[in-house]
Structures are given as structure tokens and as C-alpha cells.
Amino acid sequence: MALILPESSRLHLYYAPEATDDHPSYGFCKTDDGRCGYFHFDTTGHYVWGRGDSPWLLYRLREILNPEIGTLYWCEGQKDADSLIDQGVSATDFQGLPLSDPELADLITSVATGKCNIVIPDND
């Protein structure tokens with residue numbers, strides 16, 4: 001399914017750190033109307049919803065890779081992470097991620113190492 005948005009929607013992209021700003025190959029996006037999910041390019045060069053065979057990403061990965069971050073908050077959803085970011089702190093989420101995936105575990109380790117990590121569980 002092609003990544004088609006209403007004309008009034010803006011797309012907020014959070015993508016792999018190795019991608020360039022003008023050409024992400026895959027990533028995570030969030031629309032103003034609240035839809036969010038992974039996207040990737042198909043063989044015709046169009047954005048398509050879904051991760052395809054791309055690696056998992058952490059929400060706002062480029063931002064949280066900053067080595068100057070002292071404290072990183074881990075939330076159970078992008079909305080909660082965004083609320084904390086609006087308060088001026090660094091945050092990501094882990095909702096829906098397969099935490100047993102070895103590549104994702106390595107990514108989490110590389111992001112978390114050297115930071116004070118605070119996990120905020122959901123209320124359920």
C-alpha cells in the first residue's frame with residue numbers, strides 16, 4: 001500500500017541514521033492525524049507503509065544517538081515520548097518492538113550505553 005496522505009497532513013520522519021536527509025531508505029513516520037508506522041521504498045522508488053525487510057528502529061533514533069545526552073527516558077508509546085520531549089528531555093519508546101531480536105538488542109545497547117536510562121512503564 002502506497003504511503004498516501006491527505007493533502008492537509010504533514011509527515012514527520014524518523015529514519016535510519018545512515019540515511020541522508022533528502023533520501024531516507026526506510027524509517028518510522030508519524031502524521032499529524034496520529035497515524036504512525038514504518039515505511040520503506042518499494043522497487044519502483046515509492047514510499048510504502050511497512051518495514052519490509054529493513055532493520056527495526058527506535059523512535060527518534062538520530063536524536064537519541066547524541067553522545068551528549070545524559071538521561072534517556074524509555075516510554076511505552078510515541079505519544080508519551082513526545083510529551084517528555086516537549087518538556088525538554090530526551091525520550092524514545094519501545095512499544096511493539098520485538099525486544100528478543102538480537103539486532104534490536106544490539107541497537108538498544110548502543111543507544112543506552114553511557115546514559116542514565118529511565119524506563120517508564122505504561123499503566124497496564
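The model is a predicted one, so to speak of local features takes a pLDDT of at least 70 and side-chain atom pairs count only at pLDDT 80 or more, while totals for chains, interfaces and linings use all residues. Residues are numbered from 1 along each chain as its sequence is written, and side-chain values use heavy atoms, with hydrogens and water left out.

As for the overall layout, the protein chain has three helices and seven strands, and from the N terminus on these elements run β-β-β-β-α-β-α-β-α-β. Buried residues (under 20% relative accessible area; exposed is over 50%, partly exposed in between; 1.4 Å probe, protein chains only) make up 37% of the 124 residues in the protein chain. Contacts (heavy atoms within 4.5 Å) were also split by sequence separation: of those in the protein chain with a separation of 6 or more, 47% come from residues 24 or more positions apart.

Two strands pair if DSSP finds at least two bridges between them. Four bridges join β5 to the parallel β7, and W74 has V119 in β7 as its bridge partner. Leaving aside neighbours within four places in sequence, W74 is in contact with residues that include L58, T92, F94, I108, V111 and A112.

A polar atom of the T92 side chain lies 2.7 Å from the backbone oxygen of Y59. That is a polar contact, meaning a pair of N or O atoms within 3.5 Å; within protein, one must be able to donate a hydrogen and the other to accept it, and residues adjacent in sequence count only if both atoms are side-chain atoms. Beyond four places in sequence, T92 is in contact with L58, Y59, I64, L72, Y73, W74, C75 and A81.

Back on α2, the buried residues are Q78, A81, D82 and L84. Seen down the axis of α2, they fall within an arc of 160 degrees (taken over the directions from the helix axis to the C-beta atoms), so they line one face of the helix. K79 and D86 are exposed on the other side, and just after α2 comes G88 with a positive phi of about 95 degrees.

Helix α3 (residues 102-112) has L104, L107, I108, V111 and A112 buried. Down the axis of α3 the arc is 125 degrees, so these buried residues line one face too. P102, E103 and D106 are exposed on the other side of α3. What covers the buried residues includes α1 (61-64), β5 (71-75) and β7 (116-119). At the N-terminal end, D101 caps α3, with a side-chain oxygen 3.0 Å from the backbone nitrogen of E103. After α3 comes G114, with a positive phi near 85 degrees.

The largest nonpolar core has 21 residues, of which L58, L61, W74 and V111 touch the most other members. Such a core is a set of buried Ala, Val, Leu, Ile, Met, Phe, Trp, Tyr and Cys residues joined through side-chain atoms within 4.5 Å. The elements giving two or more residues to this core are α1, β5, α2 and α3, and α3 gives the most, with five residues.

Elsewhere, strands β3 (residues 36-41) and β4 (residues 47-49) pair in the antiparallel sense over three bridges, and F39 has W49 in β4 as its bridge partner. Their hairpin has five residues between the strands, and G45 takes a positive phi near 90 degrees there. In the loop between β4 and α1 lies G50, which counts as partly exposed because its relative accessibility is 27%. The C-alpha atoms of G50 and F39 are separated by 4.8 Å, although the two residues are 11 residues apart along the chain. Not counting residues up to four places away in sequence, G50 touches Y38, F39 and H40.
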